[in-house]
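Thanks for making time, everyone.

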Amino acid sequence: MVALAVLALATGGSAQLQYGFYKNKCNASDVEAVVRGIVKARFAREAPIVAYLLRLQFHECAVNGCDGGLLIDGPGTEKTAPPNLSVKGYDLIAAVKAELERRCPGVVSCSDIEILATRDAVALAGGPAYTVRTGRRDRRQSRASDVKLPGSEYTAAQAIAYYAKLGMTAYDTVVLLGAHTVGATHCSSIKNSRLYGYGGKMGATDPAMDPTLASTYKKYVCPNVTSSNGNTVYLDDQWSALKVDKQLLQKLAARPWSSPRRPEPLSRRLHAWVRRPARKQQRPLPVAVCKGAGEAQRGKCAHWHAG
Ligand code: HEM
């Protein structure tokens, strides 16, 4: 599916990166095959790993670039910022890192592992088999105060403005948000913004929501009582909640969307995008990549110094 291909948000990003960066750098091991093997085993027993990794990658790369900063444990690190408290998948990254450290210590960065593992999980979940460039270094910096991620109350215009600051167009934004074709959210994220307080109006439901879906949520899953806050709902329909599919984008494409800054209907551009070969969809996006001298690879992704 299309949407995730734009995960070039992290897969491209810099002319310094290259395809197959780790080739012949890890003794006799094929780094990408090692990552793939571990992700595959995990996916077989826990398919939601694809959603965990996609979200992890976004929360990683949107804050100071894809630099491994989200993985660091400790007081005041990115991981401790409120939007990151529900991020999952850290253990998978740690498991891959441990295996690679065993095979070739100090070679593969945690940020590259995030990118490779997400790519593999997306393919396993029915998404496109896209290629990624590697060669990132991990930054020795991780501050909760840097974490400024969009919230569930964001309007489309706010989301477009947010991604514009990362150098992306309205079109990119829609495609990126297509990542929500997998995974789940909590009622607390949608009760106020979508079901009972849309647009700041008490009792209002987002008119863009499918009325049947909205009424099902209101009646059964997210009734307007505090005790429903922790209940989970799929971000896409329940039958494809673990499948990286085209449905969300197709629905979006069917609507007469347009961005204030770009008058051409997004639907037309989405259709054009869908028809493009996968490789061309991976336009490098301007997300920072850390590759400077003085940046160290660490032995464990969650600690600065651990060997
Ligand atoms: C305006 C931008 C975005 C907003 C407001 C947003 C908001 C959210 C919210 C509120 C959740 C549910 C969290 C929870 O209840 O625990 C969520 C989940 C998720 N988000 Fe986003 N998100 C955005 C962009 C993205 C992007 C760019 C990606 C990936 C490319 C992404 C991937 C995911 C995934 C896969 C999940 C499901 C995670 C799971 O099931 O554990 N999101 N998002």
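When I talk about an axis, I mean a line fitted to C-alpha atoms, for helices over the stretch in contact, with angles running from 0 to 180 degrees between N-to-C directions. Helices (H or I, at least four residues) and strands (E, at least two) are DSSP runs, numbered from the N terminus.

Two housekeeping points. Residues are numbered from 1 along each chain as its sequence is written. This is a predicted model, so bear in mind that local features need pLDDT of at least 70 and side-chain atom pairs count only at pLDDT 80 or more, while totals for chains, interfaces and linings use all residues.

Okay, the overview. The chain has 13 helices and 4 strands. It has 307 residues, and 39% of them count as buried. Buried means 20 or more other C-beta atoms within 10 Å of the residue's own, exposed means 12 or fewer, and partly exposed is in between, with C-beta atoms placed from the backbone. I'll say two residues are in contact if their C-beta atoms, again placed from the backbone, lie within 7 Å. Among contacts with a separation of 6 or more, 78% join residues 24 or more positions apart.

First stop, helix 3 and helix 5. Helix 3 covers residues 31-45 and helix 5 covers 90-103; their axes come within 10 Å and cross at roughly 140 degrees. That crossing is right-handed; the rule is that the near helix is turned from the far one by less than a right angle, clockwise for right-handed and anticlockwise for left-handed. Who makes the contact? From helix 3 it's Val31, Val34, Val35, Ile38 and Arg42, and from helix 5 it's Leu92, Ala95, Val96, Glu99, Leu100 and Arg103. By class that gives 8 nonpolar, no polar and 3 charged residues. For the record, Ala, Val, Leu, Ile, Met, Phe, Trp, Tyr, Cys and Pro count as nonpolar, Asp, Glu, Lys and Arg as charged, and the others, Gly among them, as polar.

Zoom in on Val34, which sits in helix 3. It counts as buried because it has 21 C-beta neighbours inside 10 Å. Its C-alpha is 7.7 Å from that of Val96, 62 residues away along the chain. Setting aside neighbours within four places in sequence, Val34 touches Ser29, Glu99, Leu100 and Arg103.

Next, helix 4, residues 49-61. Its 13 residues reach 18 Å from first C-alpha to last, close to the expected 18 Å at 1.5 Å a residue; the expected span is 1.5 Å times one less than the number of residues. Why call helix 4 largely enclosed by the rest of the structure? Because 12 of its 13 residues are buried, including Tyr52, Arg55, Gln57, Phe58 and Glu60.

Helix 4 also pairs up with helix 6, residues 110-124: the axes come within 9 Å and cross at roughly 145 degrees. This crossing is left-handed. On the helix 4 side we have Ile49, Val50, Leu53, Leu54, Leu56, Gln57 and Glu60, meeting Glu114, Ile115, Ala117, Thr118, Ala121, Val122 and Leu124 of helix 6. That splits into 10 nonpolar, 2 polar and 2 charged.

Of the 25 residues around the ligand, Ala51, Pro150, Ala179, Gly183 and Thr185 come nearest. Helix 4, helix 8 (170-177) and strand 3 (184-186) each give two or more residues to that shell. Which element gives the largest share? Helix 4 does, with 5 residues. The shell counts 15 nonpolar, 8 polar and 2 charged residues.

Last, a few loops. Asn24 sits between strand 1 (18-19) and helix 3, and its phi is near 60 degrees, positive in a residue other than glycine. Asn27 is in the loop between strand 1 and helix 3 too, with a positive phi of about 50 degrees. Buried or exposed? Asn24 is exposed, with 10 other C-beta atoms within 10 Å, and Asn27 is exposed with 8.

Gly65, in the loop between helix 4 and helix 5, counts as buried, with 21 C-beta neighbours inside 10 Å. Gly65 and Leu166 are 9.6 Å apart, C-alpha to C-alpha, and 101 residues apart in sequence.

Methods:
A residue is near a molecule or strand if its C-beta atom, placed from the backbone, lies within 6 Å of it.
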